[in-house]
Amino acid sequence: MPRTSRPLSGRPVMITGAASGIGRGLAQLLSRRGSPVAIADIDADGLKQTAATLSGPVLTRVLDVRDAADQLAFAGEVREWLTAPLAAVFNNAGVALGSSVADALPEDDEWLRQINFDGVVNGTRAFLPILLEQDSGAIVNTSSVYGLAGMPYQSAYCAAKFAVRGFTEALRHELRGTGVSAVTVHPGGITTNIARSARIRTDPEGLGRTKDQLADEFEAMTMTSPEKAAEIICGGVEKGKARILVGPDAHLFDILTRVTPTHYYDVLGFVMARARGRAAKGAGK
């Protein structure tokens with residue numbers, strides 16, 4: 001199918017997970033470009049901080065994306081707030097969890113799944129009727145490079161992000177013939193606070209590292225800022241892409257999983273081990 005250009009600048013958008021990270025980056029970028037921005041997050045203080053940085057019209061909502069009824073209520077509030085067609089819905093809220101499969105706690109896996117997958121489904125179902133009625137706009141769902149490749153100690157996260165990918169791709173095909181598109185976003189390592197707010201009860205590899213040390217290692221390997229990620233995502237949506245890879249590491253994951261779909265971790269594990277070694281040396285200076 002030919003790509004359809006979908007301008008975002010100056011048009012209303014909705015963003016979840018907007019209290020920090022990519023969500024905040026999207027809100028700030030689009031607000032600077034003249035878009036009215038509806039932003040939501042469970043973190044009330046962070047949401048307020050994001051709103052304070054925006055120059056244009058903003059609607060804020062403290063929202064737990066796990067709550068389908070509240071997502072529907074928020075969609076109704078956004079519908080009343082709109083003064084122009086809704087250009088995009090960014091279902092971006094997410095959390096992280098580190099554990100081996102053997103040691104995983106079901107309640108932790110369920111917590112992550114409800115936010116990372118159910119939250120996307122709830123947001124899609126709440127806002128899709130608005131887009132279908134206007135016959136325009138995009139549903140933009142955040143998956144991950146871990147929705148392209150299965151990674152050790154990330155079983156719950158991978159499962160949820162693969163699910164987001166499958167759900168969004170199925171939706172994209174259902175929307176054929178309409179003016180609405182469905183877009184999957186696959187960020188690589190982005191410098192956000194997701195690792196510091198993750199649920200990690202013990203070092204999943206048994207090396208005795210603290211949660212802060214694990215977060216330091218993750219942040220030392222990230223290759224893309226939230227601001228740059230927002231630019232890539234918006235550019236991809238505007239170009240009509242169905243799938244957006246964010247960061248050079250995302251392109252590496254994509255290539256390896258295509259070329260060697262069962263042995264990609266042989267390469268990825270080596271690359272990540274070298275990056276961890278450099279991070280450890282840097283921390284020791």
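The model is predicted, so local features need pLDDT of at least 70 and side-chain atom pairs count only at pLDDT 80 or more, while totals for chains, interfaces and linings use all residues. Residues are numbered from 1 along each chain as its sequence is written, and side-chain values use heavy atoms, with hydrogens and water left out.

Let me start with H4, which covers residues 106-134. Helices here are DSSP runs of H or I with at least four residues, numbered from the N terminus. The end C-alpha atoms of H4 are 41 Å apart, which agrees with the 42 Å that its 29 residues should span at 1.5 Å a residue; the expected span is 1.5 Å times one less than the number of residues. At aspartate 118, H4 bends by about 40°, the bend being the angle between axes fitted to the seven residues ending there and the seven starting there. Aspartate 135, with a positive phi near 55°, follows H4.

I turn to the salt bridges. The structure holds 11 of them, each being a side-chain nitrogen of Lys or Arg within 4 Å of a carboxyl oxygen of Asp or Glu. Arginine 113 pairs with glutamate 110 at 2.5 Å, N to O, and with aspartate 118 at 2.8 Å. Why can glutamate 110 and arginine 113 be about one helical turn apart? They are 3 residues apart in H4, and therefore separated by about one helical turn. In general, an α-helix has 3.6 residues a turn, so residues three or four places apart point the same way. Both residues are partly exposed, glutamate 110 at 32% relative accessible area and arginine 113 at 31%; buried means under 20%, exposed over 50%, and partly exposed in between, with a 1.4 Å probe and protein chains only. Elsewhere, Arg61, Asp70 and Glu77 are linked in a network of salt bridges.

Finally, the cavities. A cavity is a set of points on a 1 Å grid over the protein atoms alone where a 1.4 Å probe fits but cannot get out, and lining residues have an atom within 4 Å of a point. There are 2 cavities of 30 Å³ or more. The largest holds about 40 Å³ of space, and its lining includes Leu97, Asp109 and Tyr153.

Technical notes
Helices (H or I, at least four residues) and strands (E, at least two) are DSSP runs, numbered from the N terminus. On a 1 Å grid over the protein atoms alone, a cavity is a set of points where a 1.4 Å probe fits but cannot get out, and a pocket is an open set with protein on both sides within 12 Å along at least five of seven lines; lining residues have an atom within 4 Å of a point. Grid points are joined across faces, edges and corners, and a volume is the space filled by probe spheres set on the points.
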